[in-house]
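Keep the viewer open and try each task before you read its solution.

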Amino acid sequence: MDMPGGAFEGESHRPAQSYWNESWERLRANRIGVAAGVLLLVFALIALAAPLFSQFVTHFDPTRQHLLDNFRPPGRPYLLGTDELGRDTLTRLIYGGRVTLGVAFLTVALSLSLGSTVGLLAGYYGGWLDDVLMRIVDVFLAIPAIFLFILMSILFRPNAITLAAIIASVGWGGVARLVRGEVLSVKQRDFILAARTIGARDVRVIFRHLLPNVLPVLIVAASLGVGQIILIEAALDFLGLGIQPPTPSWGNMLTNAESYFFHSTWLVVFPGITIFLTVLASNIFGNAVRDAFDPRLK
Amino acid sequence: MSGDEDVEQKGFEQFQRFLDEWSRRDFLKGLGATGAWFAFSAGVVEFLDACASASTTTSQTGKKGGHVVEGAFSDVRTFNSMLSSDTASNQVLGLMFDGLLNSKKNGDLVGALAQDLPKTSSDGLTYTFKLRPNLKWSDGQPLTADDVVFTYQLGYDPQYKDFASPRRGDLSKYIASVTAPDPQTVVVTTTQVFAPFLVSHGQYGILPKHVLGSLSGKDLNTAPFNSAPTVSNGAFKFVSWQSGQQVTLARNDTYWAGPALLDQYIYKVLPDSTTVADQLKTGEIDIGPVDPSQFDSVKASGNTNIIEFPVAIFDFYAYNLDPTKLGGKLFAQKEVRQALVYALDRQSWVQAIYFGHASVATSVEPPTSWAFKAKPQVVYTFDVAKANSLLDGAGWVKGSDGIRVKDGLPLRFEMHTNAGNKQRESILQVMQQSWKDIGVDATPKLIQFPQLVTEIVSTRTFDVFLVGFSWGQDPDESPLFHSRNAAPGGFNGADFKNADVDATLDAALTTLDQNKRKQLYYHFQDVMSDQVPAPILMFNKGIWATSKRVMAADFGTYNQFGNRPWMKDVWVTDGK
Amino acid sequence: MLVKFIVRRLFASVVVVLGVTAVTLFLMDRTRGAYVPGIDLNPALRPEDIARLRADLGLDQPFYVWYVNWLWNVMHGDFGRSMIDGSPVMTHILERLPNTLELTLTAVLIGIVLSVPLGVIGALRRGTKTDHSLTIFSVAGFAVPQFWLGLMLILIFSVTFEHNGWPWLPSGGVTSPFGGGDLGDRLLHLIMPATVLSFFYLSLWSRFTRSSMLEVLSQDYIRTARAKGMSERRVVYLHGLRNALIPLVTLIGLELPGLVSGGLVVEVVFSWPGLGRLAFERALQYDYTTVMGVVFFTTLLVVAGNLLADILYAILDPRIRYA
């Protein structure tokens, strides 16, 4: 993805500014993209406010069982029904969102921080540092990701936080490469050379000039990443390795429900739709951001 | 007692059920073992001997020809009867290699390669078997007593000490000698009177000396025969094994009981019970075990006949009673152990967790056993008040956070079970909740099956574990409860050491008088119900589905997996 | 320069393979504790038996010693034997590799065959409802968990179809257990898993084709072609598509190394006897040697694939050699 250096060379020492404004306008014009972004935000907020929801809306605890009330269809008082142990689906869905989205956002945060740091350093300094860092990245990228997740999950049986760390440990490599590529293409631009000529310190150059130009790539990666991680978490749950019961997550709710598909189909429907909508939204939003910040597609 | 590895062979085979639970997302697989069930089994559809049964035996005469595909959860590991210890291997090799004896579905022993049950000497130490005349291997070679002697030697004779047989521990303990005074006679002498000897050690598939006899013990471990048997003496012979996919067997025309009706038997490996259920519905497999959660949907599809019967397979949990561990401090008092059982509403689990296909265990013996005592000394009903009062009385007082504490130690621990078994995962969560309500903080933790096994058998790094197990045809329960099995390597993971129980179990093993044994086992059940080191929670049901074209499949309590003398009579209506 | 580049890359690849296998072993070693692989096969082990087994398997050595031994054997082509049943690891790998490749290559094929038209139509009808729906469709395919999609398809095309008496698809395995094995049978078994797997590629590639097509169509030489009076059809397909596809080929090439491991979940859902499923099941049983063997093999392929791609790039674009 090229950066539009040429058109802005005559500008002040902050060439990124109006590029941002233009792109932001483009993004806002993409109504579906915006809607997707809003959906993500709404889900995240609901998940954050899970205890409030449980207290005021559903009146259930996510792990409290009502064995005699199991497999109830949606209705009163279980708005979306109950699962095999009589736990309220809606409450679990909200708390599960906390776990799943929490894992997703945490993973993204971790892998973006590590990946962009490595990418910035490698791209900016080049030379042997670049070689060494990129070789390390290569190792992590070469491991078939799913194998690594499985191995780690078998060995550590993670909770939400360690799961995020595990997934991030594989994902950061891609981010590093991406960022490094961006840095390499921006590095040669005049404004960078200008800044260095006047004696700006490396740190300043990196943070004030390189990083803003790399940011769009990161936003796209983050947005798409959230969706991917939700799917990975679901896959791990399917393999029996994800978030441990009784803690709910969207993935383990879906997997659990599969065994009872014929018995109580709606148990599959709700987590399934939730995952689908969230991942869809993250994909759409990510693509919208990418489109908005890529002027080639005028 | 160091160096003591005494695990009854039967307990061993039962452990294969225990072990077999490892496969991912494997729900209760309906493990079978050898055992005895009797007419008082809780009114479920039963298969009685020979005469009319619900579905598969009919008055039609069997048609020759065709194949069946059976779905199962685990791949086989070996076809060598002296190396195998898992259900899958035993099941498939059992179709190719008969032993001296076999079992009927009610657990009674019948003669297989041996014409009949052996003559037992008056001192109970010597068994004399008479082989059937004109036994042949599938390559035409005669099967004689030498083959039998050879097979058993693999398990106990020092010349084969490099052969890694799981049977070695038991066989070297109990067998003094195995000889063949003439080609039709086998004489087995035991070192001591051992009541379950025939049941535990009389049913091993006999291996061909003329094929394997020249190999050393070490080479036998990796012999090609173990993964591709060239000859067999059972109803079927080996055709092919695609690892991870299927094993194909074909009819053996030289079988002593007459050639089977089927041309081919195929054992197909499937990942989990949902797949098995799906394939039963589509007809991609003809026979398969049904998980309780799939029962209704398989039945509703209308493509199969479903059989359900009581089995000696159960779910139980155990307290770690080792005084040096946390469990030892928490669970030393029997009042605590009892209270935790009183707090469980197991009757509600029957429907909620097992969909009606299980029964609450009232004793450590299964209801199918001749030694079963329905109402032992302590009968555990669901009684929260009693649970609370027992704990209060034992000095465990509820703290401000609701968790009971004694001498500064909170009643807080972890419960381990293996990931992939739905019933057990549910049980752990229900137990967590039930115990929370009486002030006990228990956290469930799912781990992989091999890890669980290691913890139970070797490292004992658990507070409480929950797992499945099964009893064999004999009521002896030493593998779980005798103190000698508390040493590393034994299944007495709870580290339960009770002199009374030890003495009772030992006495019951060394007499052949069934009445005397029954009295001893009654006493045993009483003590166990009072001490509850490892409460047995629920006894499961064996549930099997066969497609409508399959006839004469005669599943029963002790005819589920390794013992299937009826397989040779199975036929298919369409002859395909 | 090219030779130097290749040598550096080769060296880097070796480092990568070593790194990956070492990391794998380290992870397995970290957590096995006192576990002995195969203990579930033989629980009646006395402490001295356990000690002997661990010594035999080399588990009492520090993991780097074990690693070096293993590496030495691998160099000689000996991948060792499974710790669980003693069967040779190489045999398992060779048995399963064709199955995995069959599955993933078919998925790639389906992906290509469907992505190109979808992408082109999207580009040509940019901004219209068609474009939007196609985008949603391809994005949607990317938004469902693979296992869920697989299970749903089985439910519909196997169980429900069969129940209603319609022609139905088999729900798993490579071939029918009895009487199967011919090409038709294999294809029937292949359809569903390959389709599920292809959704992943489909979403990626159709969007990429679309944007690539759009970029190409905005180029000057396209305008020239149109100005010259060339028919729209020729412009689009002859010039536009051909050039748009080149980057797509690169993208597809990037996927090739991942072919060997990418199908794991699908393999599990459809009981497909592939490498991914093998590694997974053996990892659950702590069967070190098999897992190491599969990981090594897979990584080797990935790295070789990357190496090849890098070399090709270097040949095509001289700038890269100096990077």
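This is a predicted model: local features need pLDDT of at least 70, side-chain atom pairs count only at pLDDT 80 or more; totals for chains, interfaces and linings use all residues.

Residues are numbered from 1 along each chain as its sequence is written, with chains lettered from A and ligands numbered from 1 in the order in which they are written.

**Exercise 1.** Describe how helix H2 (residues 31-48) and helix H4 (residues 89-125) of chain A pack.

*Solution.* 
- Start with the geometry: the angle is about 110° and the axes lie 8 Å apart. (Axes are lines fitted to C-alpha atoms, for helices over the stretch in contact, and angles run from 0 to 180 degrees between N-to-C directions.)
- That makes H2(A) roughly perpendicular to H4(A), a class covering 65 to 115 degrees.
- Next, list the contacts (C-beta atoms, placed from the backbone, within 7 Å): H2(A) gives Phe43(A), Ala44(A), Ile46(A) and Ala47(A), while H4(A) gives Ile94(A), Gly97(A), Arg98(A) and Leu101(A).

**Exercise 2.** Which strands pair with E20 (residues 536-547) of chain B?

*Solution.* 
- Pairing requires at least two DSSP bridges between the strands.
- E11 (residues 287-289) of chain B pairs antiparallel over 3 bridges, with Ile287(B) opposite Thr546(B).
- E12 (residues 304-319) of chain B also runs antiparallel to E20(B), through 10 bridges; there Phe309(B) partners Gly542(B).
- E13 (residues 358-360) of chain B is joined antiparallel by 3 bridges, and Val360(B) partners Met538(B).

Key. Helices (H or I, at least four residues) and strands (E, at least two) are DSSP runs, numbered from the N terminus. Angles under 35 degrees count as roughly parallel, over 145 as roughly antiparallel, 65 to 115 as roughly perpendicular and the rest as oblique. Two residues are in contact if their C-beta atoms, placed from the backbone, lie within 7 Å.
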